[in-house]
Amino acid sequence: MERKWSWSRGVIHGIFLVLSIAIIAPMWLVVSASFTAEEELILSGYSFFPQEFSMQGYEVILQYPVDLIRAYGVTILVTIAGTLASILLTAMTGYVLARKDFQYRRMLTFYVFFTMIFSSGLVPFYMLVTKYLHIKDTVWALIIPYLLNPFYVLIMKGFMDKLPHEMIESGKMDGAGEWRMFFQLILPLSAPALATVSLFISFAYWNDWWLGLLFIDNEQWVPLQLLLYRTMSSIEFIAKNAQYVDGLVDLSKFPSMSARMALAIVGAGPMMFIFPLFRRFFVTGLTIGSLKE
């Protein structure tokens, strides 16, 4: 049956159309600027279609392809391994907190919520990673700190609260153990929440440069975002200190603005293609996981 058109529906569609344009336009502007010659950006500013096509911005950041490829490899490894380990721990923790027959579920839920409001601070965190865990300058320093996030645990708990407890009792009567019920019964039914939380976690790992800045001095384990951060800092230094680098670099041809836009594309591009694959789970996982009877 076809839905009748109404003014209210038209207004809603118009609002979302404007919001979509407001989101897409800046992204397209960044892509266009990354392929625009530096002289054109200086004279005419940014435009949605490059008047003078140029790859200078990408040539600057691709001068050392080995470092870039290695950084991509580190980030991909950290994102995949960290997301898989984190989603498993998050699902297990959320499942325990959602079990109505667990005696300490309320106390532990409050403990998880409490850690969202108060944290230990940077100094104890740094001492824990370097002095006690001894994982500085290793890939574990990029994975372990983000393994368990209380916000994602509460999302998972809220979703699993909706699963009928009778299903668990039925599994027990059929002789299934806790591990079998969790992996073969609970996880398949929690696919929307798992996909939503996995997306959040993968974004956190992919976009992180802070852990690398704190704990990584070995160039072998420099992640992509930290490498791009260093490149951006170098570009800004050259642009702001023209009197010191004059003669060493031809600043009139140095693509500082287009290179910054190219950095944004190189850093965010892969995740922009991954997000549409999970979008059908995204809203479902959030809305169901956020409700409570």
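Predicted model: local features only at pLDDT ≥ 70, side-chain atom pairs only at ≥ 80, totals over all residues.
Of the 293 residues in the protein, 35% are buried, and the protein exposes about 18,200 Å², of which carbon and sulfur atoms supply 68%. Among the contacts with a separation of 6 or more, 75% are accounted for by residues 24 or more positions apart.

**The loop between H6 and H7**

- The loop that runs between helix H6 (122-132) and helix H7 (150-160) holds His 134, a residue with a positive phi of about 55° although it is not a glycine, and His 134 counts as exposed at 58% relative accessibility.
- Asp 137 is placed in the loop between H6 and H7 as well, and it has a positive phi of about 65° although it is not a glycine; with a relative accessible area of 27%, Asp 137 is partly exposed.
- Leu 142 lies in the loop between H6 and H7, and because its relative accessibility is 4%, Leu 142 counts as buried, the cut-off for that class being under 20%.

**Surroundings of Leu 142**

- Leaving aside residues up to four places away in sequence, Leu 142 touches Val 74, Val 78, Tyr 205, Leu 211, Gly 212, Ile 216, Trp 221 and Pro 223.
- Leu 142 and Gly 82 are 60 residues apart in sequence, while their C-alpha atoms are 8.4 Å apart in space.
- The lining of the second largest cavity is made by Leu 142 together with Thr 75, Val 78, Tyr 205, Asp 208 and Pro 223, and this cavity has a volume of about 50 Å³.
- By class, four nonpolar residues, one polar residue and one charged residue line the second largest cavity.

**Ser 86 in helix H4**

- Ser 86 lies in helix H4 (residues 65-98) and counts as buried, because its relative accessibility is 1%.
- The side chain of Ser 86 reaches the backbone oxygen of Leu 147 at 2.6 Å.

**Arg 105 in helix H5**

- Arg 105 has its place in helix H5, where it is buried, with a relative accessible area of 17%.
- The side chain of Arg 105 reaches the backbone oxygen of Arg 99 at 2.9 Å.
- Apart from residues up to four places away in sequence, the residues that Arg 105 touches are Leu 97, Ala 98, Arg 99, Lys 100, Lys 157 and Asp 161.

**The largest cavity**

- A search of the whole structure finds two cavities of 30 Å³ or more, and the largest cavity has a volume of about 90 Å³.
- The largest cavity is lined by Tyr 95, Ala 98, Arg 99, Lys 100, Met 160, Asp 161, Leu 163, Pro 164, His 165, Ile 168 and Ile 186, and the elements that give two or more residues to this lining are H4 and helix H8 (165-173).
- Ala 98, Arg 99, Lys 100 and Asp 161, which line the largest cavity, are also among the residues that Arg 105 touches.
- The lining of the largest cavity divides into seven nonpolar residues, one polar residue and three charged residues.

**The largest pocket**

- The largest pocket holds about 800 Å³ of space, and its lining comprises 26 residues, of which Thr 115, Pro 145, Leu 148, Asn 149 and Pro 150 lie nearest its centre.
- The elements that give two or more residues to the lining of the largest pocket are H4, helix H5 (105-117), H6, H7 and helix H10 (191-207), and H6 gives the most, with four residues.
- By class, the lining of the largest pocket has 19 nonpolar and seven polar residues, and no charged residues.

Methods: Residues numbered from 1 in each chain as written. Heavy atoms only, no water. Buried < 20%, exposed > 50% of the residue type's maximum accessible area, 1.4 Å probe, protein only. Contact = heavy atoms within 4.5 Å. Areas by Shrake-Rupley, 256 points an atom, 1.4 Å probe, with all protein chains shown as cover. Polar contact = N/O pair within 3.5 Å; in protein donor to acceptor, adjacent residues only side chain to side chain. 1 Å grid on protein atoms, 1.4 Å probe; cavity = no way out; pocket = protein on both sides within 12 Å on 5 of 7 lines; lining within 4 Å. Points joined across faces, edges and corners; volume = space filled by probe spheres on them. Nonpolar A, V, L, I, M, F, W, Y, C, P; charged D, E, K, R; others polar.
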